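This note goes through the structure point by point, for a reader who is new to such work. Please keep the sequence and the structure in view while reading.

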Amino acid sequence: MSLVIIGINHKTATVDLREKVAFSPDRIHDAMKSLASRTRTGEAVIVSTCNRTELYCNNAEKEDIIEWLQDYHDLERSDLMPCIYAYEEQVAVQHLMRVASGLDSLVLGEPQILGQVKQAFVKAKEAGTIALTIDRLFQNTFSVAKKVRTETEIGAAAVSVAFAAVSMAKHIFSSLSTTKVLLIGAGETIELVAKHLKDNGVASMVVANRTIERAQAMCAEFNATAITLEQIPDFLAKADIVISSTASPLPILGKGMVEKALKQRRHQPMLLVDIAVPRDIEAEVGELDDAFLYTVDDLHSIIEQNMASRKEAAEQAEIITEEQSHLFMEWIRSLESVDSIREYRSQSLAIKDELVERALSKLSHGSNSEQVILELANRLTNRLIHSPTQALTSASRQGDLNTLGQLRSALGLDKN
């Protein structure tokens with residue numbers, strides 16, 4: 001196996017580059033098929049979230065995958081390469097397990113990433129880019145993430161991008177009991193934001209989404225109002241806090257729309273938190289007076305304050321992922337040994353069949369049976385010991401005692 005992971009994340013790249021490398025939901029199916037064509041086994045999974053884009057490939061060359069990513073997004077190599085990380089074999093296995101367990105997230109131990117990895121896996125299955133190795137890798141990874149959750153306290157403290165966004169709102173407004181909130185999007189992240197807002201007694205919530213049915217389903221749980229994206233201008237001026245997280249490839253809130261809303265609010269301050277990649281809110285909005293715009297990169301300080309309680313749990317989780325990645329590699333090696341055994345057995349049987357056929361032919365032509373059997377035994381012995389004899393001779397001549405010892409053990413020469 002040659003498992004390769006190529007990626008960028010919040011540690012290595014800015015929001016600008018992460019936006020350029022992200023894969024939109026409507027393109028990821030074809031992207032995975034295209035990526036899989038660069039591998040020898042047709043196995044590829046793309047994980048693309050706000051904070052990371054990672055390409056998981058089996059039996060692929062690292063440079064081929066980097067070149068594919070560069071070409072697919074039409075990027076300059078000089079912009080991409082300083083931000084790229086690449087892992088292979090066991091390091092790659094452990095990295096995926098760490099990612100799914102929340103150990104490589106912006107928010108240590110956050111649970112949303114596991115759902116995102118699972119979703120990427122399902123999409124890869126739908127695209128037909130998963131076979132035995134990648135399937136087993138991701139299934140094992142999901143089990144490891146569950147083990148980390150149940151055996152450590154990694155998820156005990158509520159620290160996530162959603163939690164950080166609400167914490168920032170609390171810090172600015174001191175109390176949320178009189179604030180009105182506009183949430184844009186209705187995915188997992190916004191749903192988690194809504195939960196935190198409800199727990200903090202927010203005055204009212206409006207949820208805007210492209211499909212109003214999805215927004216209505218979420219609003220029923222949080223006693224919120226559902227609207228479409230087109231209705232945002234009618235509600236924006238009433239919002240003290242705007243938190244947005246959609247999969248839109250283009251900004252939803254522009255400078256002009258927010259400027260108009262602020263005038264209607266008579267310049268009462270508005271907090272806007274954009275936790276989407278690509279961004280939902282134009283960066284120029286931050287230039288407006290009374291508009292306080294924050295992106296996911298601005299949430300670092302809040303997140304860091306809430307991570308201390310997870311440090312010890314993370315150390316325990318690291319041990320679990322290391323142990324489990326070892327076990328996965330043992331499974332991979334067992335597959336390789338099965339292939340080797342099958343090949344060696346097939347080769348030996350072919351030699352046997354060839355020599356038996358020759359012996360039977362001689363017997364049918366009246367050759368002495370005792371002589372034919374003796375010749376068969378000698379020829380078979382010589383053919384079977386030829387390669388081991390060459391290997392023993394080579395190791396002895398080179399003074400390679402380690403290889404010589406392994407060969408002697410494999411051939412049963414050191415048995416008492």
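1. Helices and strands in this note are DSSP runs, numbered from the N terminus; a helix needs at least four residues and a strand at least two. In these terms, aspartate 290 lies in the loop between β9 and β10. The model is a predicted one. Aspartate 290 is not a glycine, yet its phi is positive, at about 75 degrees. With a relative accessible area of 25%, aspartate 290 counts as partly exposed, because the partly exposed class runs between the buried limit of under 20% and the exposed limit of over 50%.

2. The loop between β9 (270-274) and β10 (291-295) also holds proline 278. The peptide bond that joins valine 277 and proline 278 is cis, with omega at about 0 degrees.

3. Aspartate 74 also has a positive phi, of about 55 degrees, although it is not a glycine. Its place is the loop between α3 and α4 (77-80). At a relative accessible area of 70%, aspartate 74 is exposed.

4. Which residues form the negative surface patch? Aspartate 74 is one of them, together with Asp64, Glu67, Asp71, Glu76 and Asp79. Helix α3 supplies the largest share of this patch, three residues. Glutamate 67 has its place in helix α3 and is partly exposed, with a relative accessible area of 39%.

5. Glutamate 61 belongs to the loop between β3 (52-58) and α3 (62-72), and arginine 40 to the loop between α2 (28-36) and β2 (43-48), so the pair ties together parts that are 21 residues apart in sequence. Glutamate 61 is partly exposed, at 43% relative accessible area, whereas arginine 40 is exposed, at 54%.

6. A second example lies within one helix. Glutamate 354 and arginine 358 form a salt bridge whose closest N and O atoms are 3.6 Å apart. Both residues belong to helix α14 (residues 311-364); because they are four residues apart there, about one helical turn separates them. Glutamate 354 is partly exposed, with a relative accessible area of 34%, and arginine 358 is partly exposed at 34%.

7. Some salt bridges share partners, and in this way Lys11, Arg52, Glu54, Arg98, Asp104 and Glu318 are joined into one network. Within it, the side chains of arginine 98 and aspartate 104 meet in a salt bridge of 3.7 Å, N to O. Are these two residues buried or exposed? Arginine 98 is buried, with a relative accessible area of 18%, and aspartate 104 is buried as well, at 5%.

8. Arginine 310 deserves a separate remark. This residue lies in the loop between α13 (300-305) and α14. Arginine 310 is buried yet has no salt bridge. What is the nearest side chain of opposite charge? That side chain is glutamate 110, at 7.6 Å; no salt bridge results, because a salt bridge requires the nitrogen and the carboxyl oxygen to be within 4 Å. The side chain of arginine 310 does, however, have a polar atom 3.2 Å from the backbone oxygen of glycine 109.

9. The last point concerns nonpolar surface. Val356, Leu360 and Leu363 make a nonpolar surface patch of about 230 Å². Leucine 363 is found in helix α14, and its relative accessibility of 35% places it among the partly exposed residues.

Technical notes: Residues numbered from 1 in each chain as written. Predicted model: local features only at pLDDT ≥ 70, side-chain atom pairs only at ≥ 80, totals over all residues. Heavy atoms only, no water. Buried < 20%, exposed > 50% of the residue type's maximum accessible area, 1.4 Å probe, protein only. Patch = residues over 30% accessible without salt bridge, like charges linked within 9 Å, V, L, I, M, F, W, Y side chains within 5 Å. Areas by Shrake-Rupley, 256 points an atom, 1.4 Å probe, with all protein chains shown as cover. Lys, Arg positive; Asp, Glu negative; His and termini not counted. Charge placed at Lys NZ, Arg CZ, Asp CG, Glu CD. Polar contact = N/O pair within 3.5 Å; in protein donor to acceptor, adjacent residues only side chain to side chain.
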